[in-house]
Amino acid sequence: MKIIGISRTLIGSKTKIVTEFLLNEVKNQYPEYEVELVDLKNFSLDFCDGRPITQYNEYTQVLISKMEKADGYILGTTIMHGSIPGILKNLFDLIPPTILEGKPIALAANGGNPEHAQAIEKHLKPITDYLKMRMLQTMFLLHQKISIFKMKLIIQKFKIRYAI
């Protein structure tokens, strides 16, 4: 079983820290699972324009291949202006829907205030529903008033269960 953690942040560290933490929790609970962090900061993705996958740059093809081989996902993302970042929407557009169908995804969002939790329901959930992914019920929203230390304590209070 392979779980990919996707971190989407170009600046700051909270999103990456929480994604890594959740991946480590999976590894601790299921040592036989393979986990991998994919930091989108390290990928220069092409914009989706409908061409065949083979015509996109190497970074894009490698990432699509990683997504295809994974059995489940943990998605850590920042919420910007009440919505998901364009690079994340572009990633979802690049991946053929059949690759993600039926696969579980856990969400962790990092926003400026508690109201940013709405972006999960209004932006991410419709995308994961369209792609026929299984969104896990445990979601995390972190906002700027939570220090990294406090964030780790909050997450540790949850018993994370994975349905994968």
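Two strands pair if DSSP finds at least two bridges between them. Helices (H or I, at least four residues) and strands (E, at least two) are themselves DSSP runs, numbered from the N terminus. In this predicted model, strands S3 and S4 pair in the parallel sense over six bridges.

Residues are numbered from 1 along each chain as its sequence is written, and side-chain values use heavy atoms, with hydrogens and water left out.

**Overall layout**

The protein has six helices and five strands. Along the sequence they follow the pattern β-α-β-α-β-α-α-β-α-β-α. Of its 164 residues, 46% count as buried. Buried means under 20% relative accessible area, exposed over 50%, and partly exposed in between (1.4 Å probe, protein chains only). The accessible surface comes to about 8,600 Å², by the Shrake-Rupley method with a 1.4 Å probe. Carbon and sulfur atoms hold 54% of that surface. Contact means heavy atoms within 4.5 Å. Among contacts with a separation of 6 or more, 75% join residues 24 or more positions apart.

**Confidence**

pLDDT is the predictor's confidence in each residue, from 0 to 100. The protein's mean is 81, and 78% of its residues reach 70 or more.

| Helix | Residues | Mean pLDDT |
|---|---|---|
| H2 (highest) | 58-69 | 95 |
| H6 (lowest) | 148-157 | 51 |

Over residues 156-164, pLDDT stays under 50. The model has 20 contacts beyond four places in sequence for that stretch.

**Strand S4 and the cores**

Strand S4 covers residues 104-111. Eight of its eight residues are buried, so the strand is largely enclosed by the rest of the structure. In a regular strand the side chains alternate between the two faces of the sheet. Pro104, Ala106, Ala108 and Asn110 point one way from S4. Ile105, Leu107, Ala109 and Gly111 point the other way.

A nonpolar core is a set of buried Ala, Val, Leu, Ile, Met, Phe, Trp, Tyr and Cys residues joined through side-chain atoms within 4.5 Å. The largest has 32 residues. Ile6, Leu63, Tyr73, Leu75, Leu91, Phe92 and Leu100 touch the most other members. S1, H2, S3, H3, H4, S4 and H5 each supply at least two residues of this core. A second, separate core of 11 residues includes Leu22, Leu23, Val26 and Ala106.

**Helices H3 and H4**

Helix H3 spans residues 86-94, and its buried residues are Leu88, Asn90, Leu91, Phe92 and Leu94. They pack against S1, H2, S3, H4 and H5. Leaving out residues up to four places away in sequence, Leu91 touches Ile6, Leu40, Leu45 and Leu63.

Ile99 sits in helix H4. It is buried, with a relative accessible area of 9%. Beyond four places in sequence, Ile99 touches Ile64, Met67, Glu68 and Tyr73. Ile99 and Glu68 are 31 residues apart in sequence, yet 5.3 Å apart in space, C-alpha to C-alpha.

**A polar contact at Glu36**

Glu36 lies in strand S2, residues 34-39. A polar contact of 2.5 Å joins its side chain to that of Lys66. Such a contact is a pair of N or O atoms within 3.5 Å; within protein, one must be able to donate a hydrogen and the other to accept it, and residues adjacent in sequence count only if both atoms are side-chain atoms. Beyond four places in sequence, Glu36 is in contact with Lys2, Ile3, Ile4, Gly5, Leu23 and Lys66.

Terms used:
This is a predicted model: local features need pLDDT of at least 70, side-chain atom pairs count only at pLDDT 80 or more; totals for chains, interfaces and linings use all residues.
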